[in-house]
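Let's walk through this structure together, one feature at a time. Please have the sequence and the 3D view open as you read.

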Amino acid sequence: MTAVTTATGFAEPTPSAALLLLGQKADLASERGVECPGALPAPDDPGLVERARAAKEALGDRVFVLGHHYQRDEVIQFADVTGDSFKLAREAAARPQAEHVVFCGVHFMAESADILTGDHQTVVLPDLAAGCSMADMAAIEQVEEAWAVLTDAGVSARTVPVTYMNSTAAIKAFTGRHGGTVCTSSNAQVALRWAFEKVGGLTGDGKVLFMPDQHLGRNTAVEQLGLTLEDCVVFDPRKPGGGLTVAELEAARMILWRGHCSVHGRFSVQNVTDVRSRVPGVNVLVHPECKNEVVAAADLVGSTEFIIRALDAAEPGSAWAIGTELNLVRRLAATHPELTVHYLDSTVCFCSTMNRIDLPHLVWTLESLVEGRVPNRIVVDPEDARWARAALDQMLALPGV
Ligand code: 13P
Ligand code: SF4
């Protein structure tokens, strides 16, 4: 971050960086930043809950608020529906009557909602700085280059791209153009089976290019499809040729993009060992964005929706250690007093970008809509939207999801 020195002699961030930190105005050099005309309510305004309630009531059926499970409690209380990224995509697509969809989640989710909703609807992200560091690990130019590498190696005709929901609309569009599908952590297994079927089945020599989360791709291939770790190679977009030889690409079944989640990537096998020795009989349940060795050491793995269902069905008195984002784990602990719920690693914290959406931003968003102003509208380029929709529709049409 650059800095300027003020009259007081203290270094302060440059205006754009400072405003980004405050979640206001826009950083025109990127899509991140918030155009926030008018003041955000003060975070300590004691009337915020009442203001949000009043604005939501005034909007009535004109607004539909979606909340991802990683959102703060102060925000989730105003969600009309909560869910994982798959459920929220479906919910967004199923609300044609709502004039405004307020997406309390991160940027790629709001983009998908814009693609899946009608032209008469607007999708709003209360703070445009709510991005995703994993999604940022794959840029469309890098993905196009990677495809050229696979083409030069003679394998692209036998490769189906599968992109995790946590990716930009441009990458979803790339996936749609090349006959692939989007997936989420709820349906990655079905999506990969479908993709391999397109290129000769699991025992053939077809391949999947999985972006951008190497861990979800590897965990699904190895733990659920019976492929081996040796079947997986990692394509590093910062290295020439992805850092892979033609022979390695030829032999691979899963070509995994070198990307990861900065929150889930921190859980370790040591965390699992430690909690098992501290809490005898504990059930270790982790999200598939965790590293493969962590998933292999755990008892159960699944999406945020799966984690919630597992705890809802758990034996009273049982102990659980959960490896996912902290807002969700705290909420699970609070809503399940009959269980002992531990956080798998106390040094792993909130997803900082999910946490950008707070009550002041939600109040500002809802009150702006009441005043007839649509703030922070997410609009996907129409050509990207057309092809991304093909990949999203393919996901929604997958068998049994
Ligand atoms: P799910 O909502 O698919 O479980 O994914 C978690 C996540 O990291 C969303 O960013
Ligand atoms: Fe992205 Fe990880 Fe945060 Fe999900 S939890 S939004 S994958 S950084």
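At what angle do the axes of helix α7 and helix α16 cross? The axes of α7 (residues 169-177) and α16 (residues 382-396) cross at roughly 65 degrees and come within 7 Å. That angle makes α7 roughly perpendicular to α16, a term that covers 65 to 115 degrees. The crossing of α7 and α16 is left-handed, meaning that the near helix is turned anticlockwise from the far one by less than a right angle.

Before going on, a word on the source: this is a predicted model, in which local features need pLDDT of at least 70, side-chain atom pairs count only at pLDDT 80 or more, and totals for chains, interfaces and linings use all residues. Residues are numbered from 1 along each chain as its sequence is written, chains are lettered from A and ligands numbered from 1 in the order in which they are written, and side-chain values use heavy atoms, with hydrogens and water left out.

Now look at who touches whom. On the α7 side, the contact (heavy atoms within 4.5 Å) is made by Ala169, Ala170, Lys172, Ala173, Thr175, Gly176 and Arg177. From α16 come Asp384, Trp387, Ala388, Ala391 and Leu392. By class, this contact has seven nonpolar, two polar and three charged residues; Ala, Val, Leu, Ile, Met, Phe, Trp, Tyr, Cys and Pro count as nonpolar, Asp, Glu, Lys and Arg as charged, and the others, Gly among them, as polar.

Helix α16 also packs with α5 (residues 107-116), at an angle of about 95 degrees and with the axes 9 Å apart. That makes α5 roughly perpendicular to α16. Here Ser112, Ile115 and Leu116 of α5 meet Ala385, Ala388, Arg389, Leu392, Asp393 and Leu396 of α16. These residues divide into six nonpolar, one polar and two charged.

Next, turn to ligand 1. Of the 14 residues around ligand 1 (those with a heavy atom within 4 Å), His68, Ser85, Ser185, His287 and Glu289 come nearest. A polar side-chain atom of His68 lies 2.6 Å from an oxygen atom of the ligand. For Ser85, the corresponding distance to a ligand oxygen atom is 2.9 Å, and for Glu289 it is 2.9 Å.

Met211 and Pro212 are joined by a cis peptide bond, with omega about -20 degrees, and Pro212 sits in the loop between β9 (207-211) and α9 (214-224). Asn376, in the loop between α15 (359-370) and α16, has a positive phi near 45 degrees although Asn376 is not a glycine.

Note on methods
Axes are lines fitted to C-alpha atoms, for helices over the stretch in contact, and angles run from 0 to 180 degrees between N-to-C directions. Helices (H or I, at least four residues) and strands (E, at least two) are DSSP runs, numbered from the N terminus. Angles under 35 degrees count as roughly parallel, over 145 as roughly antiparallel, 65 to 115 as roughly perpendicular and the rest as oblique. A polar contact is a pair of N or O atoms within 3.5 Å; within protein, one must be able to donate a hydrogen and the other to accept it, and residues adjacent in sequence count only if both atoms are side-chain atoms.
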